[in-house]
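Please prepare a short briefing on the protein structure shown below.

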Amino acid sequence: MRARYGVPLSLTAVGAAGIAYAAGIEARSFRLRRVTIPVLPRGMRPLRVLQVSDIHMVSGQNKKRRWLQSLAGLRPDFVVNTGDNLSDPEGVPEVLDALGPLMEFPGTYVFGSNDYYGPKLRNPARYLLEKFQGRHGLNGNPPAVGVVHNPWEELRDAFDAAGWVGLSNTRGRLKLDGIEIALTGLDDPHIKRDRYAEVAGGPEDGADLSLAVVHAPYLRALDAFTADGYPLVLAGHTHGGQLCIPFYGALVTNCDLDTGRVKGLSTHTAGEHTSYLHVSAGCGANRYTPVRFACPPEATLMTLTERA
């Protein structure tokens, strides 16, 4: 009996320990990623940009709330929020409390699918199945039905009142001590709300820097931004793979981006242009899968410097 059942029991114990670590320790081991990106015109001073993404706030997540508040101590030049702030219809007040100190700085935002709709309980293995079938989000699938509608309008109104620039299929500008930044954003491609034709045309004349922002880094969005000549595209959505294999990396990205670029800084080429791409692994997770493994929650402080 000992030889027959010893291995399965050991595996069960290891699995339970792994789940306990992924849910109880790593999912709350918040950290700051720092990266330098050479995209500014010659002679322009460096800019410090804080990107927060995929907060997926659930009521009662006090450690996450306090950590987000503490990021204001970094004193960024401006903040970029790449969406999926909610994982609980009751979470709006806590999101706004968490981001309140950061909303004292200039900022911009796009929304993700979980800002609009509450998450559903689903088997994590379906992400692998969808990857192999080439299906992601609502691309080729029926529209979402029977879902919880989150009060995203309350988020929008609060962000707008703080002076943050909404970029859902539109353009906007930030002015920072004589520096003018042109912003172009898309609504979430994961639920087919992106309308690139409404913002096409590339960087604007007269701006010191042009940035592109989108929640989910689908290739159609990255191709469009890059072909139009944007030097830097910022995105989130992937959770860095969320459940990764040590020394190997992510298995899925939950979109059609390759796993080699699931988080951090990389490049993207389309046509004759190459853009920098930064994908945030985010600092939260779906309320039904509140785990992370070999992929700790994060925010990113980007220092933008002169082009070579």
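This is a predicted model: local features need pLDDT of at least 70, side-chain atom pairs count only at pLDDT 80 or more; totals for chains, interfaces and linings use all residues.

Strand S10 (residues 264-270) and strand S11 pair in the antiparallel sense, and seven bridges link them.

- S10 and S11 form a hairpin with two residues between the strands. In this hairpin Gly271 takes a positive phi near 65°.
- S11 (residues 273-279) also pairs with strand S9 (residues 232-235), here in the parallel sense and over four bridges.

**The chain as a whole**

- Seven helices and twelve strands make up the secondary structure of the chain.
- The chain has 308 residues, of which 50% count as buried.
- Among contacts between residues at least 6 apart in sequence, 77% join residues at least 24 apart.

**An open sheet of six strands**

- In what order do the strands of the open sheet stand? The order is S1-S12-S2-S3-S4-S5, and the pairing is mixed.
- Strand S1 (31-40) and strand S5 (165-166) stand at the edges of this sheet. Each has a single partner strand, so one side of each is left without a neighbour in the sheet.
- S5 pairs with strand S4 (residues 107-109) in the parallel sense, over two bridges.
- Thr108 stands opposite Val165 in S5.

**Gln51, a buried residue in strand S2**

- Gln51 belongs to strand S2, which covers residues 47-52.
- Is Gln51 buried or exposed? Gln51 counts as buried because its relative accessibility is 0%, and the cut-off for buried is under 20%.
- The side chains of Gln51 and Thr82 are joined by a polar contact of 3.1 Å.
- When residues up to four places away in sequence are not counted, Gln51 touches Val80, Thr82, Leu234, Ala235, Gly236, His278, Ser280, Ala299, Thr300 and Met302.

**Leu183, a buried residue in strand S7**

- Leu183 is part of strand S7, which covers residues 179-185.
- The relative accessibility of Leu183 is 0%, and therefore Leu183 counts as buried.
- Leu183 and Leu167 are 16 residues apart in sequence, and their C-alpha atoms are 7.6 Å apart in space.
- Beyond its neighbours within four places in sequence, Leu183 is in contact with residues including Thr108, Val165, Leu167 and Leu211. Thr108 and Val165 are also the residues that stand opposite each other in the pairing of S4 and S5.

- Most residues other than glycine have a negative phi.
- Asp54 has a positive phi near 50°, although Asp54 is not a glycine. Asp54 is found in the loop between S2 and H2.
- Asp54 is buried because its relative accessible area is 0%.
- His56, also a residue other than glycine, has a positive phi near 45°. His56 is placed in the loop between S2 and H2.
- The relative accessibility of His56 is 2%, so His56 counts as buried.

- Rolling a probe the size of a water molecule over the atoms shows where empty space is left.
- The second largest pocket has a volume of about 260 Å³. Its lining consists of 17 residues, and the closest to its centre are Ala27, Arg28, Gln61, Lys64 and Pro290.
- Helix H2 (residues 62-70) gives three residues to the lining of this pocket, the largest share.
- By type, the lining of the second largest pocket has seven nonpolar, five polar and five charged residues.
- How many cavities of 30 Å³ or more does a search of the whole structure find? The search finds one.
- The largest cavity has a volume of about 30 Å³. Lys120, Leu121, Arg122, Tyr127, Asn286, Tyr288 and Thr289 line this cavity.
- The lining of the largest cavity divides into three nonpolar, two polar and two charged residues.

Note on methods: Residues are numbered from 1 along each chain as its sequence is written. Side-chain values use heavy atoms; hydrogens and water are left out. On a 1 Å grid over the protein atoms alone, a cavity is a set of points where a 1.4 Å probe fits but cannot get out, and a pocket is an open set with protein on both sides within 12 Å along at least five of seven lines; lining residues have an atom within 4 Å of a point. Grid points are joined across faces, edges and corners, and a volume is the space filled by probe spheres set on the points. Ala, Val, Leu, Ile, Met, Phe, Trp, Tyr, Cys and Pro count as nonpolar, Asp, Glu, Lys and Arg as charged, and the others, Gly among them, as polar. Buried means under 20% relative accessible area, exposed over 50%, partly exposed in between (1.4 Å probe, protein chains only). A polar contact is a pair of N or O atoms within 3.5 Å; within protein, one must be able to donate a hydrogen and the other to accept it, and residues adjacent in sequence count only if both atoms are side-chain atoms. Contact means heavy atoms within 4.5 Å. Two strands pair if DSSP finds at least two bridges between them.
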